[in-house]
Amino acid sequence: MRVEQREKRKLEIIITSIDVFVTRGYAGTKIQDIAESAGMSVGLLFHYFESKEALYNELIKIAVDGTMETLNQDAAMPIEYFEKLTRDLFMKVNNHPYWAKIFVLLKQAMNNDSIPEIAKKYVRKIKIVERMVQVIKSGQQLQIIRRGNSTTLAMLYWTTVTGIIEQYAFTPSTPLPEVSWILSLIKPN
């Protein structure tokens, strides 16, 4: 029972700290800010995470692992890949709104050189556009994905999806679009 309580509290700290890091950035966040937001003392917070850096690294690891798990699904059928990817991402943020902020946090980390080295190593594992380019090229060969520069199409798809998720992160009442609307970006006319 005590282990369950500890894990529950740790998850609460993780979820709470996402808001703080997204709002203030890594450099602007103090461990005191996280402790206050979690409703605990700094000393108690240190029982769960040894430092702000350790907590941030854990968040980035969660973000990278979740993103990679979603991206690395079977891509034998390219349109189905993007359909499932979009559906999975939208379902994840709809069922657990903090996931939308995790995406924002990851996006910030990808563009921030002042984050901890361990977090940088996690972020470098992500090859989002590169993975999508492969799937798009395959779909173009099958003539089920529109012609055009595969990198541009991958960026069009990904920035649209992440833009929607980012909007949802800060305004959860925003309705998510139909998956078919997103797929229309990459399907042939």
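This is a predicted model: local features need pLDDT of at least 70, side-chain atom pairs count only at pLDDT 80 or more; totals for chains, interfaces and linings use all residues.
**Salt bridges.** I counted nine salt bridges, taking as a salt bridge a side-chain nitrogen of Lys or Arg within 4 Å of a carboxyl oxygen of Asp or Glu. Residues are numbered from 1 along each chain as its sequence is written, and side-chain values use heavy atoms, with hydrogens and water left out.

I looked up R24 and D33, whose side chains meet in a salt bridge at 2.8 Å from N to O. For the surroundings I used relative accessible area, calling a residue buried under 20%, exposed over 50% and partly exposed in between (1.4 Å probe, protein chains only). R24 is partly exposed at 47%, whereas D33 is buried at 14%.

I then turned to D88 and K84, which form a salt bridge with the closest N and O atoms 2.8 Å apart. The two residues are four apart in helix 5 (residues 78-95), so about one helical turn separates D88 from K84; here helices (H or I, at least four residues) and strands (E, at least two) are DSSP runs, numbered from the N terminus. Both ends came out as partly exposed, D88 with 22% and K84 with 44% relative accessibility.

The next pair I checked was K120 with D113, where the closest N and O atoms of the salt bridge are 3.3 Å apart. Salt bridges with shared partners join D113, E117 and K120 into one network.

**Helix 4 against helix 5.** I found that the axes of helix 4 (residues 52-71) and helix 5 come within 9 Å and cross at roughly 145°, the axes being lines fitted to C-alpha atoms, for helices over the stretch in contact, with angles running from 0 to 180 degrees between N-to-C directions. With contact meaning heavy atoms within 4.5 Å, G66, T70 and L71 in helix 4 meet Y81, L85, D88, L89 and K92 in helix 5. I sorted the residues of this contact into four nonpolar, two polar and two charged, where Ala, Val, Leu, Ile, Met, Phe, Trp, Tyr, Cys and Pro count as nonpolar, Asp, Glu, Lys and Arg as charged, and the others, Gly among them, as polar.

**Aromatic rings.** I recorded seven aromatic pairs in the structure, pairing rings of Phe, Tyr and Trp (its six-membered ring) if their centres lie within 6.5 Å, and counting planes under 30 degrees apart as stacked, over 60 as edge-to-face and the rest as tilted. The pair of Y81 and F82 is edge-to-face, because the ring centres are 5.2 Å apart and the planes stand at 85°. Y81 is buried at 1% relative accessibility, and F82 is buried at 0%. Elsewhere, ring pairs link F21, Y26 and Y56 into a cluster.

I also looked for charges over rings (NZ of Lys or CZ of Arg within 6 Å of the ring centre and within 35 degrees of the ring normal). K52 lies over the face of Y26, 4.2 Å from the ring centre, and the charged end of K92 sits over the ring of W99, 4.4 Å from its centre.

**Whole chain.** I noted 10 helices and zero strands, and a C-alpha trace spanning about 60 × 35 × 30 Å along its principal axes.
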